[in-house]
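Here is a short report on one protein model. Keep the sequence and the 3D view side by side as you read.

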Amino acid sequence: MISFTILAITFGVVFLAELPDKTALAGLMLGTRYRASYVFVGVAAAFAVHVALAIAAGSVLTLIPHRLLQAIVGVLFLAGAAMLLFKKDDEDEEIKPPADQSFWKVAGAGFTLILVAEFGDLTQIMTANLAARYDSPVSVGIGAVLALWAVAGLGILGGRKLMKHVPLKLITKVAAGLMLLLAGFSLYEAIAG
């Protein structure tokens with residue numbers, strides 16, 4: 001059964017955490033050089049694989065006793081907030097485009113770039129945490145995939161315009177604040193539980 005509340009929470013947290021990440025910049029770079037739809041197909045497929053892996057990891061975490069699980073999830077959310085607040089900018093990374101404009105080359109480049117760059121990334125860990133916290137893998141999975149696809153789409157189609165109107169530091173602080181809030185709820189449940 002799908003919980004739209006859990007889906008919305010997941011979407012918001014993952015969306016805000018992914019916006020300041022290198023993915024939007026990678027999508028922007030590929031999207032300015034190649035057909036946007038080809039880039040998006042590859043990027044979207046890679047994110048679907050990442051979310052499936054994160055949901056599987058989160059499902060394994062649910063086997064841990066509830067109070068211990070909430071403590072682990074709380075600490076991981078605190079670590080995620082710290083990573084967002086204290087990470088260095090990766091804007092100098094060079095993205096190497098595929099040699100031609102064919103669908104398979106462009107989509108493959110987008111898929112490979114995201115699959116490698118995002119493996120073990122903060123949003124993948126957060127998705128696993130949310131899957132463990134809410135024990136609703138379908139809702140968390142849909143929310144995470146939609147958030148990641150939305151960020152990729154924004155990066156591919158309009159990343160430059162968005163960054164001109166919304167400061168990256170503000171987005172990062174809001175995402176970190178949401179993670180601190182989720183950490184507080186999880187740690188409270190672990191202690192009060």
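Helices (H or I, at least four residues) and strands (E, at least two) are DSSP runs, numbered from the N terminus. The model is predicted, so local features need pLDDT of at least 70 and side-chain atom pairs count only at pLDDT 80 or more, while totals for chains, interfaces and linings use all residues. Residues are numbered from 1 along each chain as its sequence is written, and side-chain values use heavy atoms, with hydrogens and water left out.

**Aromatic pairs**

Rings of Phe, Tyr and Trp (its six-membered ring) pair if their centres lie within 6.5 Å; planes under 30 degrees apart count as stacked, over 60 as edge-to-face and the rest as tilted. The structure holds 4 aromatic pairs. Phe11 and Phe15 are stacked, because their ring centres lie 5.5 Å apart and their planes meet at 15°. Both sit in helix H1, 4 residues apart, so about one helical turn separates them.

Phe40 and Trp149 make an edge-to-face pair, with 6.4 Å between centres and 70° between planes. Phe40 belongs to helix H3 and Trp149 to helix H7 (residues 137-165), so this pair ties together parts 109 residues apart in sequence. Ring pairs also link Tyr38, Phe103 and Trp104 into a cluster.

How accessible are these residues? Buried means under 20% relative accessible area, exposed over 50%, and partly exposed in between (1.4 Å probe, protein chains only).

| Residue | Relative accessibility | Class |
|---|---|---|
| Phe11 | 29% | partly exposed |
| Phe15 | 17% | buried |
| Phe40 | 28% | partly exposed |
| Trp149 | 30% | partly exposed |

**Thr10**

Thr10 is found in helix H1 (residues 4-18). Thr10 is buried, because its relative accessibility is 0%. Leaving out residues up to four places away in sequence, Thr10 touches Phe15, Leu130, Val140, Gly143 and Ala144; contact means heavy atoms within 4.5 Å. Thr10 and Met126 are 116 residues apart in sequence, yet 8.9 Å apart in space, C-alpha to C-alpha.

**A cavity**

A cavity is a set of points, on a 1 Å grid over the protein atoms alone, where a 1.4 Å probe fits but cannot get out; lining residues have an atom within 4 Å of a point. Which helices each supply at least two residues of the lining of the second largest cavity? They are helix H3 (36-61) and helix H6 (122-134). H3 gives the largest share, 4 residues. Among the lining residues are Phe47, His50, Glu118 and Leu148.

Notes: On a 1 Å grid over the protein atoms alone, a cavity is a set of points where a 1.4 Å probe fits but cannot get out, and a pocket is an open set with protein on both sides within 12 Å along at least five of seven lines; lining residues have an atom within 4 Å of a point.
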